[in-house]
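I opened this entry to keep track of what I looked up.

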Amino acid sequence: MSNLPFPNEPMAPHIGLEITGLDLNALDDDTTAALRQAFNDRHVLVIRDQDMTPEQQVRFAERIGEPDIYPLLNGIDGFPMVTPIIKEPEERNNFGGLWHSDTTYMEKPPMATMLLAREIPPVGGDTLFASQVAAYEALSDGMKAMLAPLRAINSSAKANATKTREDRVKGDDAKKEFTSCHPVVRTHPETGKKALYLNVGHTVRFDGFTEEESAPLLGWLHQHQCREEFQCRVRWREGTLVMWDNRAAMHYPVNDYHGHRREMHRITLKGGTVT
């Protein structure tokens, strides 16, 4: 994107922008505004070579939005909004290891997630992202018309998602079930673009329909919304910060690095009502 005041390179036709030569600890207002523009346009920002303490990570997050506490995991000592996402060498499951948008089971899901790489495996552990704006725009007019009035029930207790969180959830929240009902097609509050807003990890059924009735269409949509032509792939390096728009993108952390440790520090930013 040639109009931005820092070096950058698009990662794929519809999604992703890799940024270099930028120190997130020393941002002015104009550069912050440019980052927000790029974030809205490209859904995923990959910002390399960041040396940040947890305090600095929180401070940067506050320039973009309002940090929130993740409902199912504890934060690090002294910084409850910074959630460690760790996979130890002996573990087989990875946290959130399926296509999803973060916590769509909440009444007001997060607008964005920031993930900072602290320790990564020697190879593997990439993250895939898929533009849900591109996925919506690729639908036929008939499918868009059919989906327009539909809402979907989302649950934190859906089996596909809970198995990726086992042994990580904190105390009483392990027993909680969070549920929400959101439009299947949402309108981005800043760009006005429409995007699919459902995912295999959390979406249980269409509102007013049974799970059995919902399954055929949900299955087709889940396959459609993560097609390769909507994707970009992030290869992590220590010090890479990735920020993605949960209102316009899904993600999938690839679980191909058994025997190696991976630690990321995550901050989510508060969102609003889904419309």
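Which residue in E13 is the bridge partner of phenylalanine 129? I looked it up and found cysteine 232. I note at the start that this is a predicted model.

Entry on the sheet. I next looked at how the two strands are joined. Strand E7, residues 127-131, is linked to E13 by 4 bridges, and the two run antiparallel. I then looked for the sheet they belong to. I found an open sheet of 3 strands in the order E13-E7-E15, paired antiparallel. Its edge strands are E13 (231-234) and E15 (249-253), and each of these pairs on one side only. From one strand to the next, I noted an average twist of 20°.

Entry on threonine 104. I located threonine 104 in the loop that lies between strand E5 (83-87) and strand E6 (112-119). Is threonine 104 buried or exposed? I put it down as buried, because its relative accessible area is 2%, and the cut-off for buried is under 20%.

I then listed its contacts, leaving aside neighbours within four places in sequence. Threonine 104 is in contact with Pro109, Asn154, Ser180, His182, Tyr197, Asn199 and His202. For histidine 202 I noted a further detail: its side chain makes a polar contact with the side chain of threonine 104, at 3.1 Å.

Last, I checked threonine 104 against arginine 247. The two are 143 residues apart in sequence, and 9.7 Å apart in space from C-alpha to C-alpha.

Conventions:
Residues numbered from 1 in each chain as written. Predicted model: local features only at pLDDT ≥ 70, side-chain atom pairs only at ≥ 80, totals over all residues. Heavy atoms only, no water. Buried < 20%, exposed > 50% of the residue type's maximum accessible area, 1.4 Å probe, protein only. Contact = heavy atoms within 4.5 Å. Polar contact = N/O pair within 3.5 Å; in protein donor to acceptor, adjacent residues only side chain to side chain. Pairing = 2+ DSSP bridges. Axes fitted to C-alpha atoms, helices over the stretch in contact; angles between N-to-C directions.
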